[in-house]
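Subject: Structure for your review

Dear colleague,

Please find below the structure that I am handing over to you, followed by an account of what was found in it. I would be grateful if you could read the notes with the model open.

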Amino acid sequence: MGAATDRVLVVGAGPVGLIAALRLADVGIPVTLIEKAAGVSDDLRASTFHPPTLDMLAPYGLTAALEARGLRCPTWQIRMHETGERAVFDLSLIADETDHPYRLQCEQAHLAAVIAERLAGDNSVEILFETELVDLAQDADGVTAILRRDGEDVPLGARWLIGADGGQSAVRRLAGIGFAGDTYPETTVLATTPFAFHDVLDDLSVVNYCWSAEGNFALLQLPGLWRCSLYFDPTLGLEEAVEMERVQAQLRRIHPGEAPFEIHDKRPYRVHQRLAETWRRGRVLLAGDAAHLNSPSGGMGMNGGIHDAFNLTEKLKAVWEGADPDLLDRYERQRRPVAAREILAQADRNRKRMLETDPGRRRELLRDLQAITGDPERARAYLRRSSMLEGLRQAEAAP
Ligand SMILES: Cc1cc2nc3c(=O)[nH]c(=O)nc-3n(C[C@H](O)[C@H](O)[C@H](O)COP(=O)(O)OP(=O)(O)OC[C@H]3O[C@@H](n4cnc5c(N)ncnc54)[C@H](O)[C@@H]3O)c2cc1C
């Protein structure tokens, strides 16, 4: 560490901070990337990469790396568990707009590990693990971050700072930026099992959002595994919900025959819907979960964060090379409304739809969805939004 200010400081080595660091280093901008944990996270989190994200990552060789570790999802569906009735969305309908007309099911931890390895060999990037941002100040020329490392607080100067430090962002708090929104009441558990649901449930896609008599669940396939999103009584605490017997009981509701299911991993979580009031405060910029949090329904949080990182780093490059820093306000004008309309609101609609319990209303919803999938033009419009192409188009069109 040193006092040099001629760098961009990226806080947080999640997918968004890693992509931002990679993009900046790729154009020769010196970057310091700090992460409070000892390494990149291998937590069970995002597993869906949408088509435009795959298009963006391809020139960096990252799409090929993910494909080698993932499973293509050419169709996804919403289905009634008991009857198997379903609406199936076919991504080949958007093949004229993307080189990757499918979702890719691959753990976000693979993306993080591949980029971290790449950056470790890049002279433009200094990665500091076990280093936590604990304070920051800025003036007209730069930012001074206080980093806690080995129990000591050390200052580090940078020209710009990207806060990619997740939902609990210290950067956001220290910059005095509000994060209005709600926390949803439900308690969700994500569990992975090698049990072959595709052998016992007919015509599953790789991604399935399911209504069942007892509630709803999602089944998402990965190589050799199914990820099951299970919803519990909201009055149950996270630790209670994730108890093995409760998870087993929920899985038996999906397929009663198996006892017990082999479970590789499980984690409980609560879901938030929040948007940072501004994404730029002077020389401090927010991206990813630090800027927006949404329900994972539809798989858009990480993808949206990657789209933020691409947009922001393109502008930082121009500013680094002499463009007016006001250009960075366009990042907020382009990405923040898209996060609100296309990510938070769409994820909220997906969540609400799956929470519907009235059988008659569910039938209506399914009929509406089948009317969409039965009409190629409407299906295409639906897929453009759910695959996040529409959000990117709107961002491009913003002033
Ligand atoms: C169960 C689940 C399923 C999901 N599925 C999907 C999906 O399929 N598709 C999708 O697009 N999204 C999905 N998401 C959302 C996705 O996981 C997040 O949007 C994504 O991880 C955000 O990345 P990020 O880099 O912004 O933040 P994070 O991944 O949270 O990374 C932030 C990093 O910053 C570090 N940090 C925090 N504070 C400091 C500090 N003060 N100093 C230094 N480092 C710090 C943290 O240790 C962390 O490593 C899912 C989320 C969950 C919980």
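Strand β10, residues 143–149, runs antiparallel to β11, and seven bridges join the two. Within this pairing, Thr144 stands opposite Gly157 of β11. Please bear in mind throughout that this is a predicted model.

The two strands belong to an open sheet of three strands, ordered β9-β10-β11 and paired in antiparallel fashion. Because β9 and β11 (152–158) each have a single partner strand, they stand at the edges, and one side of each is left without a neighbour in the sheet. On average, neighbouring strands of this sheet are turned by 25° against each other, direction ignored.

A further antiparallel pair is formed by strand β5 (residues 75–80) and strand β6 (residues 86–90), which five bridges join. Arg79 has Arg86 in β6 as its bridge partner. β5 and β6 make up a hairpin with five residues between them. In the turn of this hairpin, Gly84 has a positive phi of about 80°.

I turn next to the ligand. The ligand is surrounded by 34 residues, of which the closest are Gly12, Gly14, Gly166, Gly288 and Gly301. Two or more residues of the shell come from each of α1 (15–26), β9 (131–138) and α9 (301–320). The element that gives the most is α9, with four residues. Sorted by class, the shell around the ligand holds 15 nonpolar, 13 polar and six charged residues.

The last item concerns a pair of helices. Two packed helices are described by the angle between their axes and the distance between the axes. For helix α10 (residues 327–355) and helix α13 (residues 389–397), the axes come within 9 Å and cross at roughly 150°. The crossing angle therefore makes α10 roughly antiparallel to α13. The crossing in which α10 passes α13 is right-handed. On the α10 side, Gln334, Arg335, Val338, Glu342 and Ile343 take part in the contact, and they meet Glu390, Gly391, Gln394 and Ala395 of α13. By class, this contact of α10 with α13 is made up of three nonpolar, three polar and three charged residues.

Yours sincerely

Terms used
Residues are numbered from 1 along each chain as its sequence is written. This is a predicted model: local features need pLDDT of at least 70, side-chain atom pairs count only at pLDDT 80 or more; totals for chains, interfaces and linings use all residues. Axes are lines fitted to C-alpha atoms, for helices over the stretch in contact, and angles run from 0 to 180 degrees between N-to-C directions. Angles under 35 degrees count as roughly parallel, over 145 as roughly antiparallel, 65 to 115 as roughly perpendicular and the rest as oblique. A crossing is left-handed if the near helix is turned anticlockwise from the far one by less than a right angle, and right-handed if clockwise. Two residues are in contact if their C-beta atoms, placed from the backbone, lie within 7 Å. Ala, Val, Leu, Ile, Met, Phe, Trp, Tyr, Cys and Pro count as nonpolar, Asp, Glu, Lys and Arg as charged, and the others, Gly among them, as polar. A residue is near a molecule or strand if its C-beta atom, placed from the backbone, lies within 6 Å of it. Two strands pair if DSSP finds at least two bridges between them.
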